[in-house]
Amino acid sequence: MLALRQAVTRRKLALLIILALLPLGLAVILDSTVAEEGTLIGPVLGGLVISVTLPITVMVLATGAFGNEVEDRTLSLLTTKPVPRWTIVLAKFAATVVVAAPLMAAVAAVITMMDPDGTGNAPLAAAVGVVVGVVAYASAFTWLGLLTTRALGFGLVYVLLWEALITTFLSGTRYLSIRSYIFGTAYGINDVFGEDLTIALTPAVVGAGLVTVVFFLLTVRRLSRMDIQ
């Protein structure tokens with residue numbers, strides 16, 4: 001409950017609303033002017049939601065999960081409790097997922113439904129893919145927030161340099177990209193999401209699972225070994 005209250009402060013809530021309304025507003029504008037298939041799924045959902053707003057939304061929540069505790073020097077209050085470190089990490093991680101996943105999944109589903117090509121289970125595929133991405137990003141950025149006080153800066157560099165640039169031009173690196181895991185999961189449910197960034201469903205799910213587990217364990221290890229004052 002503490003982690004949830006920290007995740008939905010007024011400032012963060014306002015930022016989350018803006019990040020959600022931005023792609024929805026663009027989708028409404030394009031929907032009223034352009035009615036071609038794939039217009040919203042490609043540029044808006046893929047280019048804006050999955051590539052930009054989703055990682056930034058999760059980054060803001062996840063890096064602050066422990067980052068705020070470190071800056072305010074209140075982390076010691078949590079670690080002195082007679083509970084395993086992994087339960088503390090799980091609570092912080094779960095708070096980010098609980099807040100970000102429904103919001104981003106709803107945005108992805110609505111935008112997909114607005115596209116003429118988004119029929120059948122395409123909205124569901126978009127929502128599931130986005131949830132997979134939220135979980136993986138949340139694990140990675142929670143660790144980053146505990147590792148450094150400059151987590152937002154490093155997170156932005158990772159998203160813009162690795163996810164948006166390198167994986168676009170070097171196809172082999174897509175198997176190490178959370179964004180590709182999102183597309184691969186969605187494509188495995190509905191092939192309307194098939195594009196250059198897509199990888200197969202199995203490596204996408206396995207990759208997202210590995211990222212989640214590895215960074216969760218790294219966060220637990222970091223919390224257990226760091227000198228907390």
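1. Axes here are lines fitted to C-alpha atoms, for helices over the stretch in contact, and angles between N-to-C directions run from 0 to 180 degrees. The structure under review is a predicted model. In it, helix α6, residues 122–147, packs with α7 at an angle of about 140°, and the two axes lie 9 Å apart. Angles over 145 degrees count as roughly antiparallel, and α6 and α7 are therefore classed as oblique to each other. Their crossing is right-handed.

2. Helix α6 also packs with helix α8, which spans residues 178–189. For this pair the angle is about 150° and the axes are 8 Å apart. The helices α6 and α8 are therefore roughly antiparallel to each other. The crossing of α6 and α8 is right-handed.

3. Helix α7 covers residues 151–169, and Ala-151 is found in this helix. Is Ala-151 buried or exposed? Ala-151 counts as buried because its relative accessibility is 4%, where the cut-off for buried is under 20%. The C-alpha atom of Ala-151 is separated by 7.7 Å from that of Phe-141, although the two residues are 10 apart along the chain.

4. Leu-161 also has its place in helix α7. With a relative accessibility of 44%, Leu-161 counts as partly exposed, since that class lies between the limits of 20% and 50%.

5. Leu-161 contributes to a nonpolar surface patch of about 500 Å². The patch is made by Val-157, Leu-161, Leu-165, Phe-169 and Leu-170.

Methods. Residues numbered from 1 in each chain as written. Predicted model: local features only at pLDDT ≥ 70, side-chain atom pairs only at ≥ 80, totals over all residues. Heavy atoms only, no water. Patch = residues over 30% accessible without salt bridge, like charges linked within 9 Å, V, L, I, M, F, W, Y side chains within 5 Å. Areas by Shrake-Rupley, 256 points an atom, 1.4 Å probe, with all protein chains shown as cover. Salt bridge = Lys/Arg side-chain N within 4 Å of Asp/Glu carboxyl O. Helix = DSSP H or I, 4+ residues; strand = E, 2+ residues; numbered from the N terminus. Buried < 20%, exposed > 50% of the residue type's maximum accessible area, 1.4 Å probe, protein only. Parallel < 35°, antiparallel > 145°, perpendicular 65-115°, else oblique. Left-handed = near helix turned anticlockwise from the far one by under 90°.
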